[in-house]
Amino acid sequence: MCRKTNIAVLISGSGTNLQAIIDACESGKIDGKVVVVGADNNNAKGLDRAKNRGIPTFVIDYSQIIKSFKDNQLPIDFNLKDVLSKQSIFDTESDPEKVKLFMMTRSVAEEKLFNTLSSFDFDLLALAGFMRILTPYFIDKVNKDRMRIINIHPALLPSFPGTDGYGDTFRYGCKVGGCTVHFVDYGEDSGPIIGQKAFEINDCDTLETVKEKGLKLEWELYPHCIQLFEKLYHHR
Ligand code: GRF
């Protein structure tokens, strides 16, 4: 039998999905192991969840990197033209200068992110409440032979991409909400769907109860989808 899937996880906040993944690895629901947890900010509470289990952690301080960006920091393998031609996060209406600056500043953070992650020999990169968009520069470096970055999104994609899936679902007046695990591609929450779970939204629900219902399902869905990835790709 081959070794377990090495899972790297990126977070920005409380890390309840990270906890669900760690627990599922420990209980054998996932034939894998969380080998490293990274965050985009020092205050991500979920880092303690990893530390409590002896999992290595690191922080790439995106805000600081973006604030202090200078052209001469661009990675030598960064190709702006290539990245701009691939990305579908911004549409043609967007200010081209802002789009360029976005891609350049992110690439500086992403080079550090990639170099740090690389030393952990990961098979799968799971975004768990990671509130940063990854650019084609980073995605291509990670994917190489196949898609290996996945994300959990708090809505039934392709409806309600973006940062507030449960809020958008609730405010729209949907009678059903849900969560989605998908591969990460060059767009925003637009990659191929791996799995979804749905719940009913009743008249008595509030945004809070919608979020509670959704998160509970996320904690089941994410480990399930990681195990699917494991079965599909990770030779046994
Ligand atoms: C989840 O709802 C996830 O879908 C969204 O951000 C939230 C993160 O929660 N992207 P947690 O940090 O896993 O507790």
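Select C225 and C179 and look at the sulfurs: that of C225 has its closest cysteine sulfur in C179, 8.7 Å away, so the two are too far apart for a bond. A disulfide here is a pair of cysteine sulfur atoms within 2.5 Å, and the structure holds zero of them. (Buried means under 20% relative accessible area, exposed over 50% and partly exposed in between, using a 1.4 Å probe and protein chains only.)

Before moving on, some housekeeping. This is a predicted model, so local features need pLDDT of at least 70 and side-chain atom pairs count only at pLDDT 80 or more, while totals for chains, interfaces and linings use all residues. Residues are numbered from 1 along each chain as its sequence is written, and side-chain values use heavy atoms, with hydrogens and water left out.

Now show the cartoon. Helices (H or I, at least four residues) and strands (E, at least two) are DSSP runs, numbered from the N terminus. You'll find an open sheet of seven strands in the order β3-β2-β1-β4-β5-β6-β7, with mixed pairing; two strands pair if DSSP finds at least two bridges between them. β3 (57-59) and β7 (193-200) are the edge strands, each pairing on one side only. From one strand to the next, the twist averages 20 degrees.

Next, pick β5 (149-153).

Look at the neighbours of β5. β4 runs parallel to β5, joined by three bridges; L125 stands opposite I149, and A126 has I150 as its bridge partner. β6 runs antiparallel to β5, with four bridges, and there V181 partners I152.

Now select α6 (residues 136-143), which makes a right-handed β-α-β unit with β4 and β5. (Right-handed: with the strands pointing away from the viewer, the path from the first strand over the helix to the second runs clockwise.) Seven of the eight α6 residues are buried, among them Y137, F138 and I139. These buried residues pack against α4 (80-86), α5 (96-118), β4 and β5, where contact means heavy atoms within 4.5 Å.

Last stop: the core. A nonpolar core is a set of buried Ala, Val, Leu, Ile, Met, Phe, Trp, Tyr and Cys residues joined through side-chain atoms within 4.5 Å. The largest one has 34 residues, and V9, I11, V37, Y222 and I226 touch the most other members. α8 gives the largest share of this core, seven residues. Click on I226: leaving out residues up to four places away in sequence, I226 touches I7, I21, I30, L124, A126 and I150. A second, separate core of 32 residues includes V99, M104, F138 and I139.

Key:
Axes fitted to C-alpha atoms, helices over the stretch in contact; angles between N-to-C directions.
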